[in-house]
Amino acid sequence: MAPKFGTSGLRGLARDLTDELVARYAGAFLASCPVGSGLYVGRDLRASSPRIAASVIQTARAAGIDATDCGEAATPALALAAAEAGAAAIMVTGSHIPADRNGLKFYTPAGEITKAEEVAILSADPAPAAGEVGRLSHCDVMIPYAARYSRAFGPEALRGLHIGIFQHSTVLRDLLPGLFTALGAQTMPLGRSEAFVALDTEAVDPDVAAQLTRWIAEHDLDAVVSADGDGDRPLLATAQGAVPGDVLGPITAEALGADRVVTPVSSNTMAARSDRFRAVTLTPIGSPHVIAGMAANPGRTVGYEANGGVLLGFSASGPAGDLPPLLTRDAVLPLIAPLWQARRTNRSLADLRRDWPDRYTASGRLQAVRDEAQRRIMEQLESAPEWIHPALAAIAETDRTDGVRLTLAEGRILHFRPSGNAPEFRCYAEAETPEEAVRLRDEALAALARLIA
C-alpha cells in the first residue's frame with residue numbers, strides 16, 4: 001500500500017518513503033505552511049528514522065531554511081521546543097505501528113497542522129532550491145520537556161511510590177526514570193529492547209499485558225509506566241491491568257481542574273455520563289479534530305484520546321508550579337497526573353476509577369485489511385449490521401462522526417472504522433463491565449474476519 005497522508009501526517013512502509021518522496025512532502029509543507037524561524041526535526045528509534053530525518057533536513061537547507069537537528073526526541077518535546085522558538089517542526093515517526101513503517105508529522109509555529117493546511121500541502125509544489133543553503137544547528141529538546149513536569153509537580157508529587165519503567169524502544173525510555181525519580185518515586189527500569197517494539201497503547205497485546213502484571217507482582221510495584229514509540233501515547237498499568245487511555249484522560253482533566261473536555265467519538269462515555277465537567281465534546285478521530293474542538297470550546301479545556309494522549313488547552317497549576325498549555329498529544333502528563341491524584345488523596349488508581357460511571361471499553365483490530373475489504377465491511381454495517389453481531393438488530397442510535405458507532409438498546413456500544421494510517425480495521429466495544437466489553441469486541445472481530453475471509 002502506497003504511503004498515505006492524513007490526520008497522522010504521512011505514513012507508509014519505510015521502503016516506500018524514499019528520499020525523493022520524503023523531500024516532496026517536506027518541500028510541499030515548507031512551501032505552503034508558515035515556517036517562522038526555521039525547522040526543527042526529531043525522530044523516533046526506528047532503524048529507518050535517521051535516513052528519513054536526514055532527507056528532511058537536507059530538503060529544508062536546500063530551500064534556504066535553517067534546520068535544527070533534535071536527534072532522538074519525543075513528539076511532544078519537539079513540538080514544545082519548536083513552538084517556543086517560533087519554528088516549524090517535522091517529526092519522523094510511525095508512532096505505534098510496526099517497525100517496517102514510518103512517517104512524518106508536521107507542525108507550524110502555531111502547532112499541529114490544521115485540516116486546511118493538510119489540503120494546502122497536498123496541492124503544493126515543493127519549495128524551490130535557494131541560492132543560500134540554510135544553517136544547521138543541534139538542540140536537545142528532551143531536557144526542557146522533562147523540566148516542564150519536574151517544575152510543575154515537584155519532588156514530593158510521587159513520594160513513596162515504586163514505579164516500573166517499561167523502556168522497550170520508546171524514545172522516552174531514558175527520560176522517564178530520571179523524571180519519576182525527580183518527582184520522588186523509586187524507579188525500576190524494565191524490558192529495554194534494542195529492536196523496535198510497536199506498542200499500541202489503545203489495544204495492548206495480551207502478552208505485553210501479562211508481562212506488566214508479572215513485573216508488578218514480582219517487584220512489588222505500585223505501577224508500570226511506558227509510552228509508544230514517539231512518546232505521545234501513554235501506558236500505565238497497575239495490579240488490575242492497563243488503565244485505558246479514555247480513563248486516564250478524564251482523571252487527568254479533573255486533577256488539573258479542567259471544566260471542559262474534548263475527545264474523539266471512539267472514547268468511552270465515562271466523562272459524558274459523569275457530572276464532573278460543564279461540557280463534553282465529541283469529535284472525529286485524530287488530534288487535529290480534537291484541537292479544533294478545543295478551539296471551539298475555550299477555557300479550562302483538556303483534550304484526550306482513547307490511546308491516552310492528553311492535550312492541555314490552558315495554563316494549569318501543579319502542586320509545585322505552573323504548567324503551560326501544550327496543544328499536542330502528550331504521554332507524560334497522563335502518566336504523572338493520575339498517580340499524583342491518587343497519592344495526594346491516599347487512594348489507589350482503582351479507587352479513583354470507582355468514582356466514575358461503570359463504562360469500560362475494549363478495542364481491537366484486524367490487520368492486513370485491504371481497501372476493498374474495508375469497503376465491504378462498511379457496506380455490511382449499513383445494510384445488515386445484525387450479521388456482524390445479533391445485538392445490532394436493536395440499535396438505539398447511529399453516529400457517523402467517524403466510521404459507524406452503534407449504540408444498542410441497553411446502552412452498550414459497538415464502533416467500527418477503517419484505520420487512517422495502516423491497512424487495518426478497528427473495532428471498539430463499550431459495556432458496563434470489562435468482561436462484557438471484551439466479549440462484544442471478540443465476537444464482532446470474529447464476524448468481521450469471516451466476512452473478509
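## The antiparallel sheet

In this predicted model, 5 strands form an open sheet in the order 21-25-24-23-22, with antiparallel pairing. Strands pair if DSSP finds at least two bridges between them; strands (E, at least two residues) and helices (H or I, at least four) are DSSP runs, numbered from the N terminus. Strand 21 (360–367) and strand 22 (395–399) stand at the edges, each with a single partner strand, so one side of each has no neighbour in the sheet. From one strand to the next, the twist averages 15°.

Within this sheet, strand 24 (residues 413–418) and strand 25 (residues 424–431) run antiparallel and are joined by 6 bridges. L414 stands opposite A429 in strand 25. Helix 14 packs on the sheet, where it touches strand 21, strand 24 and strand 25, and its direction makes about 20° with that of strand 21.

## Helix 13 against helix 14

Helix 13 (residues 371–383) packs with helix 14 (residues 434–452) at an angle of about 120°, their axes lying 10 Å apart. Axes are lines fitted to C-alpha atoms, for helices over the stretch in contact, and angles run from 0 to 180 degrees between N-to-C directions. Helix 13 is therefore oblique to helix 14; angles under 35 degrees count as roughly parallel, over 145 as roughly antiparallel, 65 to 115 as roughly perpendicular and the rest as oblique.

The contact (heavy atoms within 4.5 Å) is made by A373, R376, I377 and Q380 of helix 13 and by L448, L451 and I452 of helix 14.

Strand 3 (residues 39–43) is mostly covered, with 5 of its 5 residues buried, that is, under 20% relative accessible area with a 1.4 Å probe, protein chains only. L39, V41 and R43 lie on one side, and Y40 and G42 on the other. In a regular strand the side chains alternate between the two faces of the sheet.

Strand 3 pairs with strand 4 (residues 67–72) in the parallel sense over 4 bridges. R43 stands opposite E72 in strand 4.

## Helix 6 and its surroundings

The buried residues of helix 6 (residues 175–182) include L175, L176, P177, L179 and F180. Among the elements covering the buried residues of helix 6 are helix 5 (142–153), strand 9 (162–168) and helix 11 (333–344). Helix 6 is followed by G184, whose phi is positive, near 105°.

## Basis of the description

Residues are numbered from 1 along each chain as its sequence is written, and side-chain values use heavy atoms, leaving out hydrogens and water. Local features need pLDDT of at least 70 and side-chain atom pairs count only at pLDDT 80 or more, while totals for chains, interfaces and linings use all residues.

Methods: Buried means under 20% relative accessible area, exposed over 50%, partly exposed in between (1.4 Å probe, protein chains only).
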